[in-house]
Amino acid sequence: MEKPDLSTQRLIIRRFTLDDAEEMFDLARDPMVGRMAGWPPHSTIDDSIDFIEKGMDREDLYGLFSRTTGRMIGCIELFREPKILKKGPKDAEIGYWIGSRYWNLGYATEALGRLLEYAAATGVPKVWAQCLTNNPASARVLVKCGFKHDHRSLSENPMLGEVIVDFYSLSFRRRAK
């Protein structure tokens, strides 16, 4: 199936290629990015290459690139087969990260809004998201995009140990009313 153009006014949202590894490493090696997203920073460019290679089989994993500079800003993914948050048979989960130099510029809100439009257009009834409680900026992005807080839970993160996570959901049926 041909993918629609997911780009926005300021962002090119596209599949990764191995040519993106150097820029990804530049962003993903920042300890603050990994800490907020729940994974360890990339320690070598091989970590970024590995992420891209493994992601080539994932249907809705995209890089976020500045329309003006062409530089990578972050990453976003719609998980149609989520392992953690799926409650309904067609529910999906969404996750994203943004390079710290691009924080607080509206890129996460813009990218998330566009991927949510895509999810709704492809029949996803409900989307789930999670963020660490020590990441209030991500929680604000989710709420701006229409998500409602669902619950808070103590979770075991393989990279960070025990963490407190806030879970959010957005139902497209309710949103349309």
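Me: Which residue lies over the face of tyrosine 107?

Reply: This is a predicted model. A charge counts as over a ring if NZ of Lys or CZ of Arg is within 6 Å of the ring centre. Here the distance is 4.2 Å from the centre of the tyrosine 107 ring, and the residue over its face is arginine 10.

Me: What aromatic partner does tyrosine 102 have, and at what angle between the planes?

Reply: The partner is tyrosine 107, at 6.2 Å centre to centre. Both tyrosine 102 and tyrosine 107 are buried. Planes over 60 degrees apart count as edge-to-face. The pair of tyrosine 102 and tyrosine 107 is edge-to-face, with an angle of 80°.

Me: How many residues apart are tryptophan 39 and tryptophan 97?

Reply: Tryptophan 39 and tryptophan 97 form an edge-to-face pair, 5.6 Å centre to centre. Both are buried. Tryptophan 39 sits in the loop between α2 and α3, while tryptophan 97 is in strand β4. The pair links distant parts of the chain, and the separation is 58 residues.

Me: What is the strand order in the open sheet?

Reply: The sheet has seven strands with mixed pairing. The edge strands, β1 (11-14) and β6 (148-157), each pair on one side only. The order is β1-β2-β3-β4-β5-β7-β6.

Me: Which residue is the bridge partner of phenylalanine 65 in β3?

Reply: Strands β2 (residues 61-66) and β3 (residues 72-79) pair in the antiparallel sense over five bridges. Phenylalanine 65 also has arginine 14 over its ring face, 3.9 Å from the ring centre. Phe65 belongs to one aromatic cluster with Phe16 and Phe51. Its bridge partner in β3 is methionine 72.

Me: What angle does the direction of helix α1 make with that of β3?

Reply: Helix α1 (residues 21-28) packs on the sheet. The helix touches β3 and β4 (92-98). Its direction and that of β3 make an angle of about 90°.

Me: Is cysteine 145 buried or exposed, and at what relative accessible area?

Reply: Buried means under 20% relative accessible area. Cysteine 75 counts as buried at 4%. Cysteine 145 is buried too, with a relative accessible area of 6%.

Definitions and conventions
Residues numbered from 1 in each chain as written. Predicted model: local features only at pLDDT ≥ 70, side-chain atom pairs only at ≥ 80, totals over all residues. Heavy atoms only, no water. Pairing = 2+ DSSP bridges. Helix = DSSP H or I, 4+ residues; strand = E, 2+ residues; numbered from the N terminus. Contact = heavy atoms within 4.5 Å. Axes fitted to C-alpha atoms, helices over the stretch in contact; angles between N-to-C directions. Buried < 20%, exposed > 50% of the residue type's maximum accessible area, 1.4 Å probe, protein only. Phe/Tyr/Trp six-rings, centres within 6.5 Å; stacked < 30°, edge-to-face > 60°. Lys NZ or Arg CZ within 6 Å of the ring centre and 35° of its normal.
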